[in-house]
Amino acid sequence: MTARLDFTSEAFFRDPAKAIATLRMSGPVVATRFPLVGDVWITTTHDATAQVLKDGTTFTLRKEDGDVAGLRWWMPRYVRTIANNMLTMDEPDHTRLRSIVDEAFRRRAIVAMEPRIRAIADDLADELFANGSPVDLVQRYARILPLAVISELLGLPPADRPRFIAWANTMSSLTNAVSFFRLLFAFRKMRAYLERQLQIARLKGGEGLIAELVQVEREGGQITPDEMVSMVFLLLAAGSETTTHLISGSAYELLRNPGLRDWLEGDWSRVGLAVEEFLRFVSPVQFSKPRYGRRDVEVDGVRLKKGDRVMVMLAAANMDPTVHDRPEKLDLERKPNRHLSFGTGIHFCLGHQLARIEAACALEALFVRWPKLGLAVDPAAVRWRRRPGLRAIANLPVSTEGRGTPAARAEAMIDRSLTAAG
């Protein structure tokens, strides 16, 4: 039986836990129809999700002929170039490409960037209301911070960031066939831009990962010119888009939960713990890319056939009650936290440390600088983009005087009373 659920509906994004719980009743792996993908199996439990992600021999990102799962014959060559990155590669090509940039994303390298990330966050927080109040926290803050950080890491010119923001907005707006064709146009412009930046680095050198990739190429490293373009595209897009929605989703939850906000503001050394829970609860990346089954296999008791397509539902794994006590509850003190927001297996997110630090710096800088920050609209008026697979708040209007209303104070008092009683 095929499960029917609108993965782009406002109801789904507003309360994923409720929809996921209903979906899970159909089984740990469920046949459904996913937007822009078609018929596919999706996982609804932590164990099924982990099994598919860890078994890269049975579940591959490439068809037997080597094509990327999800690509269509009619798509332009530049789309195939961009899609041909390490995120869509199986072994051994995945390790070949990942090893080239792995060092730049190791913990010690990212931790060394924290003071600079914090400084960028502080500057953005200071300028947030420079043109008045209210403002859209997504566009004025949550999108700019990760784009600024990854641009510096890559060595891209600061003056080019407005075009990155425009491209990122186009990618976030992918909801249907029409927006997909708009995205194709943006992809073409991005590829041309990245090819120019790589050529500039070849001629003039420079700082950052782009210059390092050119050096690898010059020294005869195992990377082609097309793979270099797709690598930079992946780092620029994946290195900013999901973190944007982690930051905005986390800020939204704090803005509508005064008790949780008071707890965090009472001791900012706890922000790392809070970010882990936001990763689980907000789950910006809802699904993985499609994978192909290379053989008949059983997943958590469900029999799949060779050739079946599977997408793991990371959001469902994060809401599995057998792993997380009361998963529908946002608990910033949750320990242990076994979320799968960064995946697992060989494709475990390269930028997980960077995302964690960016989110922590963003939240602290924002709420320390603006202690009275509040939503400029009722929480029920906040909407999510209808993009399948990504939980992304469309706009988050905030103001400098939104906090401290009688209703907010009363809600905070109730929260504190319940905490003390429990």
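Me: How many cavities of 30 Å³ or more does the structure hold?

Reply: Rolling a probe the size of a water molecule over the atoms shows where empty space is left. In this model, which is predicted, there are three cavities of 30 Å³ or more, and the largest cavity has a volume of about 60 Å³.

Me: Which residues line the largest cavity?

Reply: The lining is made up of H245, S248, G249, Y252, E253, V282, W384, R391, A392 and I393.

Me: What describes a pair of aromatic rings?

Reply: A pair of aromatic rings is described by the distance of the centres and the angle of the planes. The structure holds eight aromatic pairs. For F129 and W370 the ring centres are 4.8 Å apart and the planes stand at 80°, so this pair is edge-to-face. Because F129 lies in the loop between α6 (107–127) and β5 (135–136), and W370 in the loop between α17 (352–369) and β10 (374–375), the pair ties together parts that are 241 residues apart in sequence.

Me: Are F129 and W370 buried or exposed?

Reply: F129 is buried, with a relative accessible area of 11%, and W370 also counts as buried, at 15% relative accessibility.

Me: Which charged end sits over the ring of W370?

Reply: That of R369, which is 4.1 Å from the centre of the W370 ring. R270, for its part, lies over the face of W263, at 4.2 Å from the ring centre.

Terms used:
Residues numbered from 1 in each chain as written. Predicted model: local features only at pLDDT ≥ 70, side-chain atom pairs only at ≥ 80, totals over all residues. Heavy atoms only, no water. Phe/Tyr/Trp six-rings, centres within 6.5 Å; stacked < 30°, edge-to-face > 60°. Helix = DSSP H or I, 4+ residues; strand = E, 2+ residues; numbered from the N terminus. Buried < 20%, exposed > 50% of the residue type's maximum accessible area, 1.4 Å probe, protein only. Lys NZ or Arg CZ within 6 Å of the ring centre and 35° of its normal. 1 Å grid on protein atoms, 1.4 Å probe; cavity = no way out; pocket = protein on both sides within 12 Å on 5 of 7 lines; lining within 4 Å. Points joined across faces, edges and corners; volume = space filled by probe spheres on them.
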